[in-house]
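Subject: A structure for you to look at

Hello,

Here is the structure I promised to pass on. Please open it next to this email and follow along as you read.

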Amino acid sequence: MKFRSIKGTKDILPEETGRWQHVEKVVRSVMGRSNYREIRTPIFEETALFARSIGELTDIVTKEMYTFADRSGDSLTLKPEGTASVLRAALQHNLTEQAPLLKLYYQGPMFRQERPQAGRLRQFHQFGAEALGSPSPQLDVEIILLPLHVYRELGVRPLTLVINSVGCEKCRPAYREQLIAMLMTVYDQLSPESQARVKQNPLRVLDSKDDQDRKVTQTAPLIKDHLCMECKTHFDHVQSLLHATGAPFTVDGRLVRGLDYYTKTAFEITSSALGSQDALAGGGRYDLLVEELGGKSTPGVGFAAGLERLMIVLEKTGAPVDDQRGPDLFIAAVDEASRRWAFTRTEELRRKGFAVETDFLQRSLKSQMREANRQRARWVLVIGEKELKAGTAQLKNMLGGEERTVTLNDLESALA
RNA sequence: GUGGCCAUAGUUCAGUUGGUUAGAACGCCAGGUUGUGGCCCUGGAGGUCGUGGGUUCAAGUCCCACUGGUCACCCCA
């Protein structure tokens, strides 16, 4: 075997595509009911778009992007996440000017060059949504509920929703200084990763999984306790609205997401059915991002959810697999003349809307019956010299096994 | 990028302190029914034991390197 798929990429095989199609259908349905319209953007963009939106110093931009120069020398990047492309497209086509509120969703492949592990691939798929134009906490909650609706409809049960507020440009700077000051007092005890973050992105130090880091930062101030009036009110509203909708959640003052553009609300949905990479979906509000990308100041909220991780959970929790249905009819033929008849009749019946299969390997009748059984055909039509002459055929029901002679003209009504 | 574990038929695996024709189950093919599936029975095909080197009289088995997979760290979907 010479060629293999690239490290961290995966073929989705026929036995799995049924599940994927089902999930995609549910996503479309949920999004449609909440009035989000689909947008499809290219899988690559100019590199600067991602650097600008995600943040120059984030892990994604500094070490995980698939970046390359095309033949003209332009720096292009395979999209590592969906928000940047969606906003770029919305701005490019002035979508935000056509109505005060714009609600979009997407579904598609993303690329990040990380070391693969359970629930993490180099090419993976996400579905997500972006809502542009309203600062209302209602919209934050609508966005949080979107993936939850999808999960509920798919029967994904053990889920954890965690939310936090990361403040805004008014309250974050002061808090940030205070946090840095505190972190400096324990600097020596922090992990190397966290030490590096103190200056670049101190909030992420609090989100560290390192036990030692956790211990030393026990007494660190939390942003949720230092929000400005506006952010605090907003956060309170988000919580009370979530309560009102009955969605269970917890507040984690240390939750910070890896993308720089979030303001106010940040959230994450995790599942215990996953391994170490347990985030099923994440998102938040980004009121400054549109302006950052050259649009006029427009508030926004969004989320992204991983499809592969969802598939893992669906598989583990034994949610129903909609196994592929077999053909309505398998036409088995025993000699050359009837084989020819079988093929033309197969095509004719397909044209009329029936799922029909026939033999292509010139196999024995017994083998054709086995094949029909393997494919879970509901009926088998056996045709040979006798039948061809008489204008009849043997129609066998593969469930009960009973067989009868039908005239060829009766076939369609017998199937229907 | 760092580290642990793993690598034998299509698949899941076995392979005794290194010992001569590398096995099983499932799957696949065919026959048992000269025109009839599922269950059962019989037979068959299918493997450069990941690749390259080394140790040895002898390597699937031991050693090294590489490649790939996997899990974890980092971070995230």
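Ala305 is buried, with a relative accessible area of 0%.

Some ground rules come with the file. This is a predicted model, in which local features need pLDDT of at least 70 and side-chain atom pairs count only at pLDDT 80 or more, while totals for chains, interfaces and linings use all residues. Residues are numbered from 1 along each chain as its sequence is written, chains are lettered from A and ligands numbered from 1 in the order in which they are written, and side-chain values use heavy atoms, leaving out hydrogens and water.

**The protein chain**

Chain A has 17 helices and 16 strands; these are DSSP runs numbered from the N terminus, with helices being H or I of at least four residues and strands E of at least two. An automatic or database assignment sets the domain bounds: domain 1 covers 14-171 + 227-316, and domain 2 covers 329-415. Their centres, taken over C-alpha atoms, are 51 Å apart. Along the principal axes, the C-alpha atoms of chain A fill a box of roughly 95 × 50 × 45 Å. Of the 416 residues in chain A, 51% are buried.

Apart from neighbours within four places in sequence, Ala305 is in contact (heavy atoms within 4.5 Å) with His125, Gln126, Phe127, Tyr151, Leu280 and Ala281. Ala305 and His125 are 180 residues apart in sequence, yet their C-alpha atoms are 8.3 Å apart in space.

His234 belongs to helix α11 (residues 229-245) and is also buried, with a relative accessible area of 7%. Its contacts beyond four places in sequence include Pro135, Asp140, Lys264 and Arg285.

Helix α4 (residues 83-92) is mostly covered, with seven of its 10 residues buried. Those buried residues pack against β2, α2, α5, β5, β6 and α12. Just after α4, Asn94 takes a positive phi of about 50°.

**Around the RNA**

Sugar and phosphate make up 54% of the atoms of RNA strand B that come within 4 Å of the protein.

A polar side-chain atom of Arg363 lies 3.1 Å from a phosphate oxygen of RNA strand B. For Gln126, a polar side-chain atom is 2.7 Å from a sugar or linking oxygen of RNA strand B.

Among the elements that give two or more residues to this surface are α3, β6, β10 and β11. The largest share, seven residues, comes from α15. By type, the surface near RNA strand B has 14 nonpolar, 12 polar and 23 charged residues. Here Ala, Val, Leu, Ile, Met, Phe, Trp, Tyr, Cys and Pro count as nonpolar, Asp, Glu, Lys and Arg as charged, and the others, Gly among them, as polar.

Happy exploring!

Note on methods:
Near = heavy atom within 4 Å. Polar contact = N/O pair within 3.5 Å; in protein donor to acceptor, adjacent residues only side chain to side chain. Buried < 20%, exposed > 50% of the residue type's maximum accessible area, 1.4 Å probe, protein only.
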